[in-house]
Each structure stands twice: as C-alpha cells, then as structure tokens.
Amino acid sequence: MPVPDEILTVAKDIREMRIRGAGPIASSALKALGDSLDEIYGQAPSNEAFFAEVRSVEEILLNTRPTAVALPNAISFVDNALVESNQKGEETEQMRNALERAIGEFLDRMDRAKTTIAENAVKLIPEGTSVMTHCHSTVVISLLKKAMQTGVISTIYVKETRPLYQGLITARQLSGLGADIRLIVDSASAYYMNQVDMVVVGADAIALNGDLVNKIGTLQTAIIAKKFNKRFLVAAETYKFAPNASSGKEIPIEFRSADEVVSDSRVIETGLNVLNPSFDITPHEAIDWIVTEMRVLSGDLPSSVARLAKEAGLIRLKPF
Ligand code: RI2
C-alpha cells in the first residue's frame, strides 16, 4: 500500500525543520495521521491490513526526530486506542473511529494545556520582571503574551539561538505587545544576566527526575542564571515528560547536519569536524519551577516529576 502523501510531506517537513517545536511537531503528525485515515481505509483490503498500515505510518512519523517526546507520547496515546480496538476484534471502521476520537482528544488536550500553563506561570511573575528566553517555544510565547497582557513584564532579552536563529521568531512574535524586546547574540547572555530577574524556556523532553532537554544553549543559560542567582522557569505540558527516561542522560540527543553551522566552502573543504548537537541537558538542580497544565512543580523535582508523570497517564508505546 503506498504511504499517503500527507504523511510523507509532514514527515519531511518535520525532519527538515519547516515544522518545528516539540508541540507543533506532535500536533502536525497527529493531524496528518487523521487526514490520511480515509485513504488508508479506502485501500485496506482487511482489518489486519488497516491495522498494519496505520502502524507503519505511525512508525514513519515517529522516526522523524529523535529527541522531543511530545511526538512519541501523542502517537502512543493514539496507537493505544487502535490496539485496544483491534484486540476487541473490532472492524476497520470502528478502528478508524477510535483513532479519530483519540486524535481529537489529544489535540484538545494540547490546546487547553497551553492556556492553563500561561495562567499558572503568570502567578509566579512579579510586576516589573525582566526575562531572558532562549529559542522559540510556542508554550513560552503563550505565557509571555499572557504576562504582557497583565503588564507584569518590563523587558525580554531574546537570545538569537544559533545555528537556526529561532530566537528571531520569538522576537518577532513578542514585538509590539507591551514589553521592551531586546535581541541579543547567544554569547551575550552572561553580559546581560545581571539585568534579568528570570529565565523562561520551553522543553523538548523532561526526564522523570526533572532533568530538562531543550535547545542547545539552554544549559549554559541555566548555569549563568545560577551564578547570578536568577530564577529559572521551564514551561512544559505533561506530555513532554519522557516516561522511559529516569534521567536526562537517557534521552537521545539529536545531532544535525554541519551545513546548519557553517556554509563557507573554504572552511568545509578543510574537512574539519563540525559538531551540531540540537539539544543539551540541564540538570534538575538548576531549575526553580516546572510549570505544567496540571500544577507547578518546584523543590524536590525528582519525586514531584515522577509522581506527576504517573498522574498524567502517559502511555508507553506498545512494541511494533
Ligand atoms: P514548544 C524546540 O525544539 C525548542 O527547543 C523549544 O524549546 C521546544 O521545541 C518546545 O517547543 P526544535 O523543534 O512545544 O526547534 O513549546 O528543535 O513549541
């Protein structure tokens, strides 16, 4: 059976980072899966063929980028509905309905989570706060917009975030909303940290002990914040918790192509080794708050994250 075009297109867009951000990756993958169900349904000659084809499409989506866990958590949730329906001996149409329901439910959960996180985070931000942020996170954008509406944020230092400059997206989206937006190069974060009250970042994955995996450069920002005695806030939905990782070291770090870092052919021709890790691991000790849609975690993160991950009901992917 040919793989539906929308799956191939979305998988390519995720791999090549035209679709990016842990949450948007997961929601685009779910939407593409939902959009391809009619085609798979129309072509599958049997219940078994439908089941097998949906699972192979899920696998294509899962194999796009290795680090962010919203994608595997979203696919696992939906796959669980498929597997349960299949185990009950249901027909193709019922399996399709179960998938559609699960996709809708997860997408709704994603939408609601962002709004609630913004509401929870704003309560932690005192009036006149100056923030530093890194990369581009849709959750962080939502909370900073909310904070600007309530007027508590005076200034936002936005790090440009080499190599792909996602900080420019952040700066653009926050401009004109009330705070003074200041774009800085990544290496200026120590220089400006004394003018900041709080660092706010998103998450690609959070291990069960609270270690954060986020865009490369997050770790050094956290270390500098600690040195200057500034607060470090992580905004993340509970489906960014990695149910299989007891610490950050167990989360695979994606390395991307050298040409994202250097395009000068004279440099490339020297054959030197260009390293381009996409993410780094910030230890939980450097984090003051993890703000989720269910509650705000602080203090003993290793026990509170593991407890909340259980309550969030994350589903482990059944073997393919
Ligand atoms: P939201 C991004 O990764 C950034 O690291 C960002 O902090 C994280 O995903 C979370 O993004 P990439 O896809 O889910 O740019 O908050 O490599 O949008």
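This is a predicted model: local features need pLDDT of at least 70, side-chain atom pairs count only at pLDDT 80 or more; totals for chains, interfaces and linings use all residues.
Local features need pLDDT of at least 70 and side-chain atom pairs count only at pLDDT 80 or more, whereas totals for chains, interfaces and linings use all residues. Residues are numbered from 1 along each chain as its sequence is written, and side-chain values use heavy atoms, without hydrogens and water.

The chain holds 11 helices and 10 strands (DSSP runs, H or I of at least four residues and E of at least two, numbered from the N terminus). Its C-alpha atoms fill a box of roughly 65 × 50 × 35 Å along the principal axes.

The ligand is surrounded by 21 residues (a heavy atom within 4 Å). The closest are Ser-137, Thr-138, Asp-204, Asn-214 and Lys-215. By class, this shell has eight nonpolar, eight polar and five charged residues (Ala, Val, Leu, Ile, Met, Phe, Trp, Tyr, Cys and Pro count as nonpolar, Asp, Glu, Lys and Arg as charged, the others as polar). Helix H2 (22-43), helix H6 (138-149) and strand E6 (212-215) each give two or more residues to the shell. H2 gives the most, with four.

The distance is 2.5 Å for Thr-138. It is 2.7 Å for Ser-137 and 2.7 Å for Arg-20. The protein covers 100% of the 450 Å² of accessible area that the ligand has on its own (Shrake-Rupley, 1.4 Å probe).

Technical notes: A polar contact is a pair of N or O atoms within 3.5 Å; within protein, one must be able to donate a hydrogen and the other to accept it, and residues adjacent in sequence count only if both atoms are side-chain atoms.
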